[in-house]
Amino acid sequence: MASPRTVTIVALSVALGLFFVFMGTIKLTPRLSKDAYSEMKRAYKSYVRALPLLKKMGVTSIALRKSIGTLEVICGIIMTVVPGRPKDVANFFLLLLVLVVLFFHQLVGDPLKRYAHALVFGILLTCRLLIARQPEEQLIERKASSRAGEGQGAPHKKVKVKVS
């Protein structure tokens with residue numbers, strides 16, 4: 001049976017991966033939701049307008065939206081299906097991306113309800129990364145100390161109880 005740590009990491013990886021594939025796809029194409037796609041287009045136009053540095057660098061709202069959407073889809077796929085260390089790298093990139101998006105929302109003065117999901121998924125990404133990066137030595141030491149603690153103490157006596 002898999003350890004609770006492994007189950008937690010796998011569950012978070014799959015859920016977060018699918019969420020970011022979905023959100024990235026919405027940024028890239030109107031096929032899933034025309035309303036959400038047009039809302040994303042509008043939002044990214046306001047982000048570029050609020051950050052003149054992006055305009056000076058030649059970054060358009062379309063390029064910004066498509067690059068963030070593509071990064072979300074790629075990292076989401078990695079989080080969902082690729083085993084091992086690449087998941088942690090994808091997790092890190094998605095966490096950075098969430099921080100950038102939160103910055104954009106703050107920059108344009110969006111209300112909390114518009115970016116609450118980004119906060120929640122940022123926290124989930126942080127939790128997944130912290131759990132995944134917990135050193136294996138600590139886990140082995142904890143298991144060994146808990147097993148040693150079970151063997152100490154007074155021997156247990158079996159008590160028969162008559163149930164009527």
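**Helix packing exercises**

Helices α2 and α4 come out oblique to each other, going by the angle classes (under 35 degrees roughly parallel, over 145 roughly antiparallel, 65 to 115 roughly perpendicular, the rest oblique). The model is predicted, with local features needing pLDDT of at least 70 and side-chain atom pairs 80 or more, while totals for chains, interfaces and linings use all residues. Residues are numbered from 1 along each chain as its sequence is written, and side-chain values use heavy atoms, without hydrogens and water.

**Exercise 1.** Work out how α2 packs on α4.

*Solution.* Start with the elements: α2 covers residues 34–50 and α4 covers residues 61–81 (helices are DSSP runs of H or I, at least four residues; strands are E, at least two). Next, the geometry: the angle is about 120 degrees and the axes sit 8 Å apart (lines fitted to C-alpha atoms over the stretch in contact; angles run from 0 to 180 degrees between N-to-C directions). The crossing is right-handed (near helix turned clockwise from the far one by less than a right angle; anticlockwise is left-handed). Now the contact (heavy atoms within 4.5 Å): Y37, M40, K41, Y44, K45 and V48 of α2 touch S61, L64, R65 and I68 of α4. Sorted by class, that's six nonpolar, one polar and three charged residues (Ala, Val, Leu, Ile, Met, Phe, Trp, Tyr, Cys and Pro are nonpolar; Asp, Glu, Lys and Arg charged; others, including Gly, polar).

**Exercise 2.** Describe how α4 packs against α5.

*Solution.* Helix α5 spans residues 85–108, and α4 packs on α5 at about 145 degrees with the axes 9 Å apart. This time the crossing is left-handed. On the α4 side, the contact residues include L64, I68, L71 and E72; on the α5 side, P86, K87, A90 and N91 are among them. The class tally is twelve nonpolar, three polar and two charged residues.

**Exercise 3.** Classify the arrangement of α2 and α5.

*Solution.* The axes come within 9 Å and cross at roughly 75 degrees, so α2 and α5 are roughly perpendicular. Y44, S46, Y47 and A50 of α2 meet V101, F104, H105, L107 and V108 of α5. The contact splits into seven nonpolar, two polar and no charged residues.

**Exercise 4.** Find where confidence is lowest and highest.

*Solution.* Take the chain average: pLDDT 86, with 82% of the residues at 70 or above (pLDDT is the predictor's per-residue confidence, from 0 to 100). Then go by element: α7 (residues 136–151) is lowest at a mean of 63, and α4 is highest at 95.
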